[in-house]
Amino acid sequence: MNLTRNILTTLAARTFLLGVALASSMVLARFLAPEGRGLFALVLLLPELIKSFALLGFEQANVVFAGLEPDRRRALVWHSVALSLVIGALAALGAIWYVAAGAPGFPKLLAGPLWLYIVPLALVPVRLLVEYWSAVLRGMNRIVELNAIEVGTRAVSL
């Protein structure tokens with residue numbers, strides 16, 4: 001029964017997320033010209049790239065550790081907070097400095113105002129924390145909570 005509920009919950013969450021993605025892409029296509037969509041994609045690509053490098057594989061370790069050591073999950077949660085604050089802040093500040101310096105080596109990277117790049121880059125530590133804690137939930141096999149968080153974050157970002 002638990003497996004069936006997890007499968008149905010995941011299916012419902014993925015279906016909802018596909019609908020949200022379709023709606024947001026139609027809204028973006030309607031309000032932004034092709035040039036504006038390209039700038040929007042670039043502005044969202046930079047924090048995603050920084051987040052991918054800043055994760056350093058710790059989210060995969062969180063899944064394994066949360067599953068193997070149930071008594072130490074509280075320490076894992078606080079370890080994730082510390083890691084996301086330190087590594088995320090350093091990565092975000094480095095990326096903000098690079099963009100503020102005019103993106104040396106990539107002058108075409110700055111196609112919009114500077115604040116448009118700084119705002120999503122400043123959220124890198126929060127995104128790292130969400131990834132770390134989602135990995136802990138995955139390791140605990142909390143599929144319903146994980147799907148609820150994913151749907152909630154996508155709905156808020158819309």
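Modeller: The largest pocket has a volume of about 1,400 Å³. A pocket here is an open set of points on a 1 Å grid over the protein atoms alone, where a 1.4 Å probe fits, with protein on both sides within 12 Å along at least five of seven lines. The volume is the space filled by probe spheres set on the points, which are joined across faces, edges and corners. The model is predicted, so local features need pLDDT of at least 70 and side-chain atom pairs pLDDT 80 or more, while totals for chains, interfaces and linings use all residues. Residues are numbered from 1 along each chain as its sequence is written, and side-chain values use heavy atoms, with hydrogens and water left out.

The lining counts 35 residues, each with an atom within 4 Å of a point. Nearest the centre of the pocket lie L44, R127, T153, R154 and S157. Two or more lining residues come from each of α1 (2–31), α2 (34–55), α5 (114–122), α6 and α7 (143–157). Helix α2 gives the largest share, ten residues. Helices are DSSP runs of H or I with at least four residues, numbered from the N terminus. By class, 21 lining residues are nonpolar (Ala, Val, Leu, Ile, Met, Phe, Trp, Tyr, Cys and Pro), eight are charged (Asp, Glu, Lys and Arg) and six are polar (the others, Gly among them).

R127, one of the residues nearest the centre, forms a salt bridge with E48, at 2.4 Å from N to O. A salt bridge is a side-chain nitrogen of Lys or Arg within 4 Å of a carboxyl oxygen of Asp or Glu. This pair links distant parts of the chain, with R127 in helix α6 and E48 in helix α2, 79 residues apart. Salt bridges that share partners join E48, K51, R127 and E131 into one network.

E48 is partly exposed because its relative accessible area is 31%, and R127 is partly exposed at 29%.

Notes: Buried means under 20% relative accessible area, exposed over 50%, partly exposed in between (1.4 Å probe, protein chains only).
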